[in-house]
Amino acid sequence: MNRAIPPTHTQQITMKPILPLIALLGAALASSPAWSLSFEGAISQGATAVTPYVDTGLISFDIDFANTNSVSLDFRIDEDDLLQPLALNAVLRNFTGLGLNSYTLSLDKGAFGTIGSVTRQFGGTTQVTLSGNQLAQLSFNTPEYLDIELGNALGTTPGAFNWTLTGLQAGDRVNLTVSVGAVPEPEAIALMLAGLGVLGACRLRGAKRSPQA
Amino acid sequence: MTDSFDTSRRSLLKGGSAAIAAAFGGPIAAMATRVAEASQCAPAAASALGVSPYGPTAPVKDLTTGLPLIELPAGFSYKSHGWRGDIMSDGLPTPGAHDGMGVVVSRRVGRSTEIILVRNHELSTSSNAANIIGGSRSNVAKYDTGLTGTNYQVGGNTNLIWRDGNWVGSYASFGGIYRPCAGGSSTWGSWLSNEEIRSNSISSTGKKHGYIFEIPADTSLNAASTTPIYDMGRMAHEASAIDPATGYWYLTEDQGNANTLYRFLPNNIQGGLNSLHAGGRLQGLKVRNVTNADLRDPTLCQEFSVEWVDVAAPDMDGATLSTRNGNVSASGPYIQAYANGAAIFGATEGCWVANGVVFFTDKQVTTTPARAGRIWALDLATQTLKAIFVSNSLQVGNSPDNLCVSPRGGVLFCEDGGTGGPGNTPAITAQHLKVVTPQGGSYTFAKHNYDFTRAQLDAVGKTGASAGNQRNSEWAGCVFSPDGRVLFVNLYVGVTLAITGPWQNGTL
């Protein structure tokens, strides 16, 4: 098990007021804080690596998956900003050597707001399914062997836009777990077929015995 | 001779690939075992064609153009780039004759993953100076802009950039050379572009040809040197492959029945851009205790203990050489190597070093005796040469040209054969990418499928591409990304491909 070490200092950048509405709302809102976040650590297995890119108003990270074990990331909300969404983006790299059917993102607090873009390097479609408001499954129409960009993580992909999170506020600690759904390896398929064959043979034998019983 | 070696240099040379492995992780770690498996061949007279573990091939549409350029097993997909005639990032048209190619840099740029490749354009001569690659640009280094007879040398190189799974650019990087064929990557971010010609001619600018040149990964930062690496020899060069453990280079030569495997021991033990220009020692392979062993007809798994003989004057002119097989046209280096007992191969071509083993091809095809290509593996630790693939039929392997070893240890070769030769029934209708199995057989991974009309090509914006049936033109320049996820390969007709898919289903 690997535990990614959080940065030595919290990345806190005060946003300049950008909405005229803020001025209209007077002193109370002028002192409204911006989203300020801290990456508190990640748990991964084996050679899977996590790199956080937390910024003002943005939860962002890269995961280099070397295996199909889930990765758990923890973030702390230091300050919130109710006038701005909390954005989410990521690069998920597939070094498992396997074709992936899906990724699943699950939150333990807050909710997924805007479902942003999912960009696959070699194309293909992605169906995003929300179960409740804390679990999002990204299902691919063809196995994914390369990387996907969640939202606008790279900043260069035409049309890419970030996901958002809602329902969080200052003081919250939020866990985001990313799970991998892999296409079974040929050996696993062969084993499964062999198992089904044995089951079928047993059933057939049972069926043959039944009339005699 | 004694091969002493500075361990600090070993560390430096190995640093490149180790850093790549560390940065990208993944299945590269499995390499050692699989390369070892590749030498577990089962003795026989010759190799046989087997069934692909990836399954049968079928036409697959290119994700870039929608044209079914190649056949692949189910689950694989690809993107094309850098078609002949496409306008490159520098505004110049992409040259044709796409040949050897290598990954010279693999890195993270911010959060992006970037790979830089250098590609050979195996162009020979033209009477039109405008056809010299980069001829109109002063920032593109050119070796020779003079005339040899009535022609200019118009071969050269382009560099390609692959980022986050997409082709993002290419540009001319070197010109003025003759017919760069296979080539090879260094461990310090450059490419060796090798002229394939045995010639004593001198151009109007006083230049000879048949040399090796070094091309940096980014020629906007470091222009390519126009000085040949003289000590690597003047001959019909093919590939050059470095052993990261020692820094020694292994070279092949496509000079029919007058070639051996060469090795080059550089004087500059630190490596680095232009370090090879400091010279070194060129040697030819000899079978131990056998003078001029003829290795054109081995049996599968046959082994030979080898040693190395010196080539004292690597820039010596070529001439007709009287050999045990009759008179042959030979390069200066081979004349000297032969005099010292070097072995005889048909026509050595592709070369790759992986985990202490030098893999190289002999692409010669003859009907009598039946020869359709051989692949050799030289174990550097034991200095034992083994025939790991012996094709006596075009169906099994048709003139293996460039080859590469995947990060998982699978040996892949590019066919560059014709339709005539041993085993040409049923008729040869296409060239293939084939894989050598650990037991010494082969199977088909991919099949050429380029057969388009002018209208079909124009409709997808490929107005400079060749029309017609090109299925029997060669594959070239195969190389995997260091993480093993993408296979880059050229269709010699003038297209570069990036292929990905379920590699784990087979031996690549």
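A residue counts as buried here if 20 or more other C-beta atoms lie within 10 Å of its own. I kept that cut-off at hand while going through this predicted model.

**Entry: chain A, overall**

I began with burial, and buried residues make up 32% of the 213 residues in chain A. For secondary structure I noted 3 helices and 14 strands in chain A. Then I looked at how far apart in sequence the contacting residues are. Among contacts in chain A with a separation of 6 or more, 74% come from residues 24 or more positions apart.

**Entry: confidence in chain A**

The average pLDDT of chain A is 82, and 70% of the residues score at least 70. Over residues 7-31 of chain A, however, the pLDDT is below 50, and this stretch has 17 contacts in the model beyond near neighbours in sequence. I remind myself that where pLDDT is low, the predicted coordinates should not be read in detail.

**Entry: around β7 of chain A**

Which strands pair with β7(A)? I found β11 (residues 135-144) of chain A, joined to β7 (residues 100-107) by 6 bridges in an antiparallel run. I also found β14 (residues 173-182) of chain A, which pairs with β7(A) over 7 bridges, again in the antiparallel sense.

**Entry: A:G171**

Next I went to the loop between β13 (163-166) and β14 of chain A, where A:G171 sits. Is A:G171 buried or exposed? It counts as exposed because it has 10 C-beta neighbours inside 10 Å, and the limit for exposed is 12 or fewer. I also checked A:G171 against A:D78: they are 93 residues apart in sequence, yet the C-alpha to C-alpha distance is 5.7 Å.

**Entry: two sheets in chain B**

I turned to chain B and traced an open sheet of 3 antiparallel strands, in the order β12-β13-β14. Its edge strands are β12 (184-185) and β14 (212-216) of chain B, each pairing on one side only. Between β12(B) and β13 (residues 190-194) of chain B I noted 2 bridges, with the strands antiparallel. In this pairing B:S185 stands opposite B:W191 of β13(B).

Another open sheet in chain B has 4 strands, antiparallel and ordered β3-β34-β33-β32. Here the edges are β3 (77-81) and β32 (475-480) of chain B, and each pairs on one side only. Neighbouring strands of this sheet are turned by 20° against each other on average, direction ignored. I followed β3(B) across to β34 (residues 495-500) of chain B, and 5 bridges join these antiparallel strands. B:K79 has B:A498 as its bridge partner in β34(B).

**Entry: nonpolar cores**

Which residues touch the most other members of the largest nonpolar core? They are B:L117, B:F359 and B:L412, in a core of 133 residues. Apart from it lies another core, of 43 residues, including A:A42, A:V54, A:L73 and A:V183. I then looked up B:L412: leaving aside neighbours within four places in sequence, its contacts include B:L403, B:L433, B:V435, B:F445 and B:L508. B:C404, B:S406 and B:C478 are also in contact with B:L412.

**Entry: where the chains meet**

Last, I checked the contact between the chains, which takes 21 residues from chain A and 20 residues from chain B. The side of chain A that touches chain B divides into 13 nonpolar, 4 polar and 4 charged residues.

Definitions and conventions: Residues are numbered from 1 along each chain as its sequence is written. Chains are lettered from A and ligands numbered from 1 in the order in which they are written. This is a predicted model: local features need pLDDT of at least 70, side-chain atom pairs count only at pLDDT 80 or more; totals for chains, interfaces and linings use all residues. Two strands pair if DSSP finds at least two bridges between them. Two residues are in contact if their C-beta atoms, placed from the backbone, lie within 7 Å. Ala, Val, Leu, Ile, Met, Phe, Trp, Tyr, Cys and Pro count as nonpolar, Asp, Glu, Lys and Arg as charged, and the others, Gly among them, as polar. A nonpolar core is a set of buried Ala, Val, Leu, Ile, Met, Phe, Trp, Tyr and Cys residues joined through C-beta atoms within 7 Å. pLDDT is the predictor's confidence in each residue, from 0 to 100. Axes are lines fitted to C-alpha atoms, for helices over the stretch in contact, and angles run from 0 to 180 degrees between N-to-C directions.
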